[in-house]
Amino acid sequence: MTMAETEDDMQRLNALFDQARSEQSEIPEGLRSRILADASLCMQQQLMQKRENLAPASVRAAPAGVFDRFLNAARQFLRAVGGWPAMGGMVAATVAGVWIGLAPPEFVPDPVDLVQVATTAAAMPFENYDLALLLDEEME
Amino acid sequence: MDGLPDTSGAVSDDERLLACFSAGDDRAAALLTDRLGPRAFGVALRFLGNRAEAEDVTQEAMLRLWRIAPDWQSGGARVSTWLYRVVMNLCIDLKRRQRGADLDLDAVPEPPDPAKGPPEQLQEMARHDALQGALMQLPERQRQAVVLRHLEELANPEIAAIMDISVEAVESLTARGKRALAGLLARRREELGYDDG
């Protein structure tokens with residue numbers, strides 16, 4: 001390859017570059033739509049983030065109402081008893097106790113007998129039934 | 001980037017539009033897309049030689065621009081320089097992930113059928129395609145430098161900032177790339193109609 005041919009090749013290459021630059025045009029419409037859709041989504045996310053960054057400060061500045069104080073107290077109680085599992089156990093034990101009291105099983109003695117309050121005539125120390133009843137009432 | 005020629009009008013326009021976008025102005029997004037999109041797409045298309053890939057890279061690069069908008073530091077790098085750099089990095093990453101030959105055969109179209117259309121038009125198309133085909137045969141760094149210098153007409157300092165190399169390295173890459181291109185195209189002189197004398 002001669003020097004002249006090399007220079008000619010460079011000139012042709014420069015002409016091709018000029019032609020290529022003149023051909024640069026707009027981006028495809030579908031691509032433009034996708035880019036703008038991404039922009040819209042990003043913009044919304046960024047604006048939401050800005051609002052979230054501002055929200056905690058404004059909430060902290062407001063005084064706690066009655067309901068908020070109740071909720072705080074409830075949370076503290078829950079933490080003190082050991083959380084929701086412990087609370088569940090307490091509720092179950094309470095319900096069982098009420099049920100036994102209302103409908104005790106056979107092997108559980110009648111609580112009234114445990115008090116040993118006699119109402120039959122044989123157990124009365126006095127022959128007068130009315131006096132025995134009066135004493136019975138005093139013991140209740 | 002430091003040392004770049006001051007074209008304050010264009011630079012500040014892009015930064016102002018980016019600030020408007022951050023403030024929630026969707027018209028700014030459209031304007032930035034129309035100003036920067038074609039350049040990003042053109043560079044990606046020339047480097048990758050594949051239209052679908054170039055569109056994906058362009059969309060991803062613009063998405064990164066939208067995401068960085070709230071944190072953009074005014075007075076630093078140009079928006080266009082930053083975007084070119086992102087496009088180039090995405091292109092290089094894509095090429096690395098791809099397997100197979102450096103030459104993307106799908107990117108080099110078949111020579112046009114001489115029986116169709118005016119000869120001059122066909123010849124122009126053939127020369128256009130020949131340039132793209134020759135670009136795809138260059139090493140990636142040379143291709144980058146040649147596209148940014150001779151198709152995007154960026155100054156060497158800006159190309160150095162985009163490619164993260166020295167200005168001297170840019171000059172060397174563009175010179176070697178241009179010589180290689182001229183040599184590749186010289187082999188097709190007759191086909192491209194350059195033997196008219």
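Across all chains of this predicted model, a search of the whole structure finds 11 salt bridges, a salt bridge being a side-chain nitrogen of Lys or Arg within 4 Å of a carboxyl oxygen of Asp or Glu. Local features need pLDDT of at least 70 and side-chain atom pairs count only at pLDDT 80 or more, whereas totals for chains, interfaces and linings use all residues. Residues are numbered from 1 along each chain as its sequence is written, chains are lettered from A in the order in which they are written, and side-chain values use heavy atoms, with hydrogens and water left out.

| Pair | N to O distance |
|---|---|
| Arg34(A) and Glu55(B) | 2.7 Å |
| Arg27(B) and Asp25(B) | 3.2 Å |
| Asp164(B) and Arg85(B) | 3.5 Å |

Arg34(A) lies in helix H2 (residues 29-61) of chain A and Glu55(B) in helix H3 (residues 51-68) of chain B, so this pair joins two chains; helices are DSSP runs of H or I with at least four residues, and strands are runs of E with at least two, numbered from the N terminus. Glu55(B) is buried, at 16% relative accessible area, while Arg34(A) is partly exposed at 31%, where buried means under 20%, exposed over 50% and partly exposed in between (1.4 Å probe, protein chains only). A network of salt bridges also links Asp18(A), Arg21(A) and Glu153(B).

Within chain B, Arg27(B) is exposed at 60% and Asp25(B) partly exposed at 21%. Chain B itself has 8 helices and 0 strands, and buried residues make up 49% of its 197 residues.
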